[in-house]
Amino acid sequence: MDHREQPTLPAGALRQQPTLPSISAAAAPQPESNAEKRPGSYVGHYRILCRLCDSRESVLYRASGPDGSSCILKLYHRVERRDAAAAYERLKTLACPYLPFLDWGREGDAIYECLQPVSGRPLSELAPLPEPVLRQQILPKLISALQALHENGLLHNDIKPENLLWDAEKESFWLVDFGSLTEAEPRLEHGLGATLAYAAPEILSSRGRAWSAASDLCALGLTLYTLATGQLLIRAQNLMQAKCFWQQERQLPREMPFRDLIRELTAVNKEQRPTLKKLAQQLGIAAPAEPKTAAAPAQTVLRTVRFRNGSELRDLTDLLQAACTDWDFTRFLLQEHQLDLFLAQYVPDAAQLCNRCIRMYDPDAGLYCLLQSVYPMQEILWLGRLYKNDVALLRDAMESDLPLTETPLVRFCCAELLSFYYSSLQKMGYTEQAITYAKKIESIMKHDPQYALSQLQLALDVHPAFVYEGKTIHSVDDLSRLLWQAGDALDRCVDSLLRSEQFEAWMDYQGLEAVLENTNQFQEEMV
């Protein structure tokens, strides 16, 4: 039959071992690795709500403080610098409206920053910007932020477009990323990392140790060039190329905005670079404009959902545990749009996501897609039961007393959730080939679940067995022993086996489908 065309995937090809968040253990404030913080866990006094994004250096989380206020938590992977504590403590005392820093702390041997929730996009994504916007909006606020740091004996040491956020609608500007923050004239045991495209020449020649207010200003000039032109002034692939750039005369386009200012800021001799005060005078900035919004972080009240047993759902972990406890009522909350505003605190476009899930033909499938979308995990939370992975769901079907068509696995595949499951875990190693294979399994499952089950066993490397008259057959040796013991009833035994779909699937898995086909043909000829 057409639907029996075997999906092409090597045996065991779906046996992935991705590392993903788990909800099998209760969320509680306990030590965890810096690489993974689950919703409901704690970093210092801050409760993790959800993971936002990560990079090579850090992971960004949405969190809530002891008073329930919303904040952004940045947890660094690297080991804490000994000089960081004094600089961070001084930064906490500043009241500059363009520095969203709130708090800091230690987590194991690393540090974390607590930041005010801010809006906007990195200027690296918006460049080039019009000269009036740079001159009237962005530069005054950036200079104000640098003045607040320098006048209080601090250096940012990582000025670049990626660390400048701008919300054009609100005219809001923020200087972020304080991972390289130091006190003025720092004495560093080891050099700080630097982005070659925005590093002053003295930083390159000192192996990242000679930081100063002048090096911040040089980075400002290189950043201004990128914001005005949309291009890099230093296009170096390595340290040697960057050093060569500073040894050559720099040619700036004649008609470009801020040409003379950029030339002064990027002077090779740091003594020739202008001060922030002189820079403000050159730009005609009398006093940096105050932001339209208050500097204090908004005290966000968390939206919760009242559950049937009187408890409240406060974060994603609570939602997942609720689905384990009472799947039907959690599905009801979704269908009644009672999760829309709650999820909006953790995922973008939550209302649209909920609507898509509600419109799905199978309400149970809609709830699964919602949960897996907001919190992708290797475990499969399906119909109120938590399976460790796809293999556990398959074994449940193999061992269940239910008719195969009524098992959770068949319902999962017929709702086309297996391919969705693999798609949601692509970052953890599942390939397009695996997703395509899963779609074929789903299609076969709707017509021939027993055959689809056997093929899934093959792909997941789960050794199947079949039962014949109370005897479990695992291997070819078991089958040989069964046939030997059949004696005079051998013909009846063979005929019964050939009529068994379980036996057919088992033979396929053993790679004996050709033997089975020849035996069937022989039987027909004998008849």
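**Figure 1. Overall composition of the protein chain in the predicted model.** The protein chain has 527 residues, and 49% of them are buried. Its secondary structure consists of 21 helices and 17 strands. The accessible surface amounts to about 26,400 Å², with 48% of that area belonging to carbon and sulfur atoms. Of the contacts between residues at least 6 apart in sequence, 62% join residues at least 24 apart.

**Figure 2. Strand β6 and its two antiparallel partners, β4 and β5.** Strand β4 (residues 70-76) pairs with β6 through 4 bridges, and I72 stands opposite L115 of β6. Strand β5 (residues 101-107) pairs with β6 through 6 bridges. In that pairing, G105 stands opposite Y112 of β6. The hairpin of β5 and β6 has 2 residues between the strands, and G108 there takes a positive phi near 70 degrees.

**Figure 3. The open sheet formed by β7, β9 and β10.** The sheet has 3 strands in the order β7-β9-β10, and the pairing is antiparallel. Its edge strands are β7 (121-122) and β10 (172-175), each of which pairs on one side only. Strand β9 spans residues 164-167 and is joined to β7 by 2 bridges. R121 stands opposite W166 of β9.

**Figure 4. Buried residues of helix α8 and the elements they pack against.** Helix α8 runs over residues 316-325. Its buried residues are L316, T317, L319, L320, A322 and A323. These buried residues pack against three strands, β2 (46-54), β13 (312-313) and β14 (380-382). They also pack against the helices α9, α10 (340-343) and α12. The packing of α9 against α12 is shown in the next view.

**Figure 5. Contact between helices α9 and α12.** Two packed helices are described by the angle between their axes and the distance between the axes. Helix α9 (residues 327-335) and helix α12 (residues 363-374) pack at about 85 degrees, and their axes lie 10 Å apart. Because angles of 65 to 115 degrees count as roughly perpendicular, α9 is roughly perpendicular to α12. From α9, the contact involves W327, T330, R331, L334 and Q335. From α12, the contributing residues are P363, D364, G366, L367, Y368, L370 and L371. By class, the contact has 7 nonpolar, 3 polar and 2 charged residues.

**Figure 6. Contact between helices α16 and α17.** Helix α16 consists of residues 432-445 and helix α17 of residues 449-459. Their axes come within 8 Å and cross at roughly 155 degrees. Angles over 145 degrees count as roughly antiparallel, so α16 is roughly antiparallel to α17. Residues Y437, I441, I444 and M445 of α16 meet P449, Y451, A452, L453, Q455, L456 and A459 of α17. By class, this contact has 10 nonpolar residues, 1 polar residue and no charged residues.

Technical notes. Residues are numbered from 1 along each chain as its sequence is written. This is a predicted model: local features need pLDDT of at least 70, side-chain atom pairs count only at pLDDT 80 or more; totals for chains, interfaces and linings use all residues. Side-chain values use heavy atoms; hydrogens and water are left out. Axes are lines fitted to C-alpha atoms, for helices over the stretch in contact, and angles run from 0 to 180 degrees between N-to-C directions. Angles under 35 degrees count as roughly parallel, over 145 as roughly antiparallel, 65 to 115 as roughly perpendicular and the rest as oblique. Contact means heavy atoms within 4.5 Å. Ala, Val, Leu, Ile, Met, Phe, Trp, Tyr, Cys and Pro count as nonpolar, Asp, Glu, Lys and Arg as charged, and the others, Gly among them, as polar. Two strands pair if DSSP finds at least two bridges between them. Buried means under 20% relative accessible area, exposed over 50%, partly exposed in between (1.4 Å probe, protein chains only). Accessible areas come from the Shrake-Rupley method with a 1.4 Å probe; for residues, only the protein chains shown count as cover.
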